[in-house]
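Subject: Handing over a structure, with notes

Dear colleague,

I am passing a structure on to you, together with some notes on what was found in it. Please keep it open beside this message while you read.

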Amino acid sequence: MTSAATVGVAEHGNAAVLVTIGPGGELLDRRRIDLTARDLPTHPHHHEGSWAVGRYLQTPGARPMSMADAVALVDRVREAAVRGARGALEVLAAAVPVPIARIAIRACPSLPPTTEARIADHRAQTIADSVMYREAIAAAAEERGWSVCWYGRDDVFRDADAALGGQDVDAFLSAMGRSIGSPWQAGHKLAAAAAIAATMDRGRRG
């Protein structure tokens, strides 16, 4: 293990679970954060962007929208997410008793370079919002001088197992959950595993 704490992130929409692991592998903090306020849409690429290209206009709540308006809305949500991430990480850093050196975030797939292109591409549109929120957290972390490690969901538990020296990672995470009590769900376990794995510098830059 390293001499500083590591934060693991499991994002879901515009929210994320953060689990902070100390230098000895101990649980220091668990929290859920919201990156944007309720007055903003949570999936502007996928929902409002769909309206801009004529998809889902027959669904309840849909309304006609120009591409320019959809792009502007995505920009507003992105800026709000970055502000939300900055505030959340500032509060976390003040609450944890040791310095935080790194953060582990789920790796982002490659997407078209512009918001308009992401909206127009059906595959990209379905994942662009999740990527936007992960990138917002990464940007806020880098502003604080934290290293960003990008983990793969398919191999993070194996990497955590290796970081623990071959201990059963499932048993380790279950014991960690019992020590703090509910809630300790799949997202918490994923974030904790990512933080543990990142101590080996196995993160992948995305």
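This is a predicted model: local features need pLDDT of at least 70, side-chain atom pairs count only at pLDDT 80 or more; totals for chains, interfaces and linings use all residues.

Residues are numbered from 1 along each chain as its sequence is written, and side-chain values use heavy atoms, with hydrogens and water left out.

Glu-11 lies in strand β1, residues 5–12; here helices (H or I, at least four residues) and strands (E, at least two) are DSSP runs, numbered from the N terminus. Glu-11 has a relative accessible area of 11% and is therefore buried, where buried means under 20% relative accessible area, exposed over 50%, and partly exposed in between, with a 1.4 Å probe and protein chains only. Its side chain makes a polar contact of 2.9 Å with the side chain of Ser-130, and another, of 3.4 Å, joins the side chains of Glu-11 and Arg-134. A polar contact is a pair of N or O atoms within 3.5 Å; within protein, one must be able to donate a hydrogen and the other to accept it, and residues adjacent in sequence count only if both atoms are side-chain atoms. Not counting residues up to four places away in sequence, Glu-11 touches Ala-16, Arg-106, Ser-130 and Arg-134, contact meaning heavy atoms within 4.5 Å.

Turning to the helices, the axes of α5 (residues 156–163) and α7 (residues 186–198) come within 8 Å and cross at roughly 50°. Axes are lines fitted to C-alpha atoms, for helices over the stretch in contact, and angles run from 0 to 180 degrees between N-to-C directions. The two helices, α5 and α7, are therefore oblique to each other, since angles under 35 degrees count as roughly parallel, over 145 as roughly antiparallel, 65 to 115 as roughly perpendicular and the rest as oblique. Among the residues that meet are Val-156 and Phe-157 in α5, and Leu-190 and Ala-193 in α7.

Helix α7 also packs with α6, at an angle of about 115° and with the axes 11 Å apart. In this pair, Phe-172, Leu-173 and Met-176 in α6 meet Lys-189, Ala-192, Ala-193 and Ile-196 in α7.

The loop between α6 (169–180) and α7 holds Trp-184, which counts as buried because its relative accessibility is 14%. Leaving aside neighbours within four places in sequence, Trp-184 is in contact with residues including Val-19, Leu-27, Arg-30 and Leu-173, and the backbone oxygen of Leu-173 lies 3.0 Å from a polar atom of the Trp-184 side chain.

Which kind of peptide bond joins Ser-182 and Pro-183? The bond is cis, with omega about 0°, and Pro-183 is placed in the loop between α6 and α7. Elsewhere, Tyr-56 has a positive phi of about 60° although it is not a glycine. Most residues other than glycine have a negative phi, and most peptide bonds are trans. Tyr-56 is in the loop between α1 (48–52) and α2 (67–95), and counts as partly exposed because its relative accessibility is 37%.
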